[in-house]
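Open the model in your viewer and get ready to select a few residues. We will go stop by stop.

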Amino acid sequence: MQTIDKFNFAGKKAFVRVDFNVPLDENFNITDDTRMRAALPTLKKILADGGSIIIGSHLGRPKGVSEKFSLKHILKHLSELLGVEVQFANDCMGEEAAVKAAALQAGEVLLLENLRFYAEEEGKPRGLAEDATDEEKAAAKKAVKESQKEFTKKLASYADCYVNDAFGTAHRAHASTALIAKYFDSNNKMFGYLMEKEVKAVDKVLNDIHRPFTAIMGGSKVSSKIEIIENLLNKVDNLIIAGGMTYTFTKAMGGKVGLSICEDDKLDLALDLMKKAKEKGVNLVLAVDAKIADSFSNDANTQFCNVNEIPDGWEGLDIGPKTEEIFANVIKQSKTILWNGPTGVFEFDNFTHGSRAVGEAIVEATKNGAFSLVGGGDSVACVNKFGLASGVSYVSTGGGALLEAIEGKILPGIAAIQE
Ligand code: AMP
């Protein structure tokens with residue numbers, strides 16, 4: 001497989017798929033440019049070699065052309081970050097894009113307008129009437145899949161080589177994230193540096209495990225984490241269940257959970273997971289106490305109680321101190337750690353203590369030689385909020401992509417480069 005480090009971009013035009021889906025405020029100012037900075041090593045390497053770049057990205061979820069989702073809002077900042085006056089093509093498909101791409105000289109950069117202004121990027125039909133029949137839906141799908149080929153081919157025609165540095169969309173088989181790769185031979189397609197780091201980090205927790213391996217799964221619902229939990233049961237030594245999921249397990253075991261978030265239709269599933277953990281020799285670690293509140297609010301009255309004795313009218317919004325200690329002890333003895341999802345409603349300052357304790361235990365374990373991977377939206381927000389990001393081995397930029405990779409799924413964006 002080709003690698004970006006070995007590839008010499010001198011005189012070459014590279015199509016680089018990045019994830020510049022950055023948050024913008026109402027005046028279109030970028031409020032967090034982490035994703036743009038994350039792609040800089042790749043972009044700078046290409047320019048330093050003497051190559052030129054055609055950048056493709058999506059921004060938001062437009063349903064067609066829309067000022068709100070235009071990538072021109074990020075053009076100035078991108079030019080500043082790169083130290084190069086970046087050119088812009090108002091349409092990723094039109095004559096202008098082709099002419100500008102063809103005219104690019106070494107060291108020059110062209111940013112294409114939002115790829116998702118075209119339905120062909122995602123390959124999903126748009127504008128179907130609500131009462132469309134199944135036949136109409138199938139015909140629309142077929143039509144967009146057909147035109148997707150032309151769309152993909154056109155994007156590929158701009159460049160000599162393809163670099164995918166958009167891990168956040170690697171789980172999507174979209175035109176620019178996966179399909180485009182087949183227009184380049186294996187010597188001329190590769191991961192960017194960010195993507196390489198993400199793939200390595202996932203590989204480490206899936207295939208190069210130093211034991212004990214502990215996964216901490218938090219967040220709100222068992223139903224959204226079931227596949228990943230089942231896959232992890234085949235890998236981990238300890239599986240810590242935290243966050244809102246706790247109460248489904250507690251209730252399944254006959255505990256009283258009050259108003260705590262609980263999926264009543266998943267009680268059997270929780271028992272089944274406990275049984276599977278036992279069969280596989282996995283130490284399933286559940287909370288023993290909770291910080292409970294008399295309303296879902298930061299200013300609620302609070303107290304601590306046993307996790308299975310939550311009074312009526314109260315709800316568990318974080319783990320309690322005994323649980324913190326139990327979790328921290330398991331984490332500190334671990335050599336591979338995966339953290340996905342907070343232990344409580346960390347958006348409320350009064351319910352961040354458990355998540356912070358988990359984060360700090362992970363940092364300590366990492367200092368002692370553990371490999372720690374934190375990923376999936378909210379856990380990243382957690383480590384950033386607590387200033388712990390630099391103390392863990394790797395903070396993934398992928399949400400859905402990371403979870404699907406850990407579930408054991410082959411990500412189309414990764415497979416397209418590797419095959
Ligand atoms: P997820 O997207 O599944 O990772 O869930 C993250 C969300 O879970 C965050 O917004 C948390 O506020 C929420 N969460 C964590 N613990 C609880 C809890 N005990 N009750 C309600 N929501 C929770």
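Select Lys189 to begin: this lysine is buried (under 20% relative accessible area, where exposed is over 50% and partly exposed in between, with a 1.4 Å probe and protein chains only).

A word on the model: it is predicted, local features need pLDDT of at least 70, side-chain atom pairs count only at pLDDT 80 or more, and totals for chains, interfaces and linings use all residues. Residues are numbered from 1 along each chain as its sequence is written, and side-chain values use heavy atoms, leaving out hydrogens and water.

Where are salt bridges to be seen? The whole structure holds 22 of them. Pick Asp19 and Arg35, whose closest N and O atoms are 3.7 Å apart. Asp19 is in the loop between β1 (13-17) and α1 (34-49) while Arg35 is in helix α1, so the pair ties together parts 16 residues apart in sequence. Helices (H or I, at least four residues) and strands (E, at least two) are DSSP runs, numbered from the N terminus. Asp19 is buried at 11% relative accessible area, and Arg35 is partly exposed at 32%.

Finally, select Glu122, Lys124 and Arg126, which are linked in a salt-bridge network.

Key: Lys, Arg positive; Asp, Glu negative; His and termini not counted. Salt bridge = Lys/Arg side-chain N within 4 Å of Asp/Glu carboxyl O.
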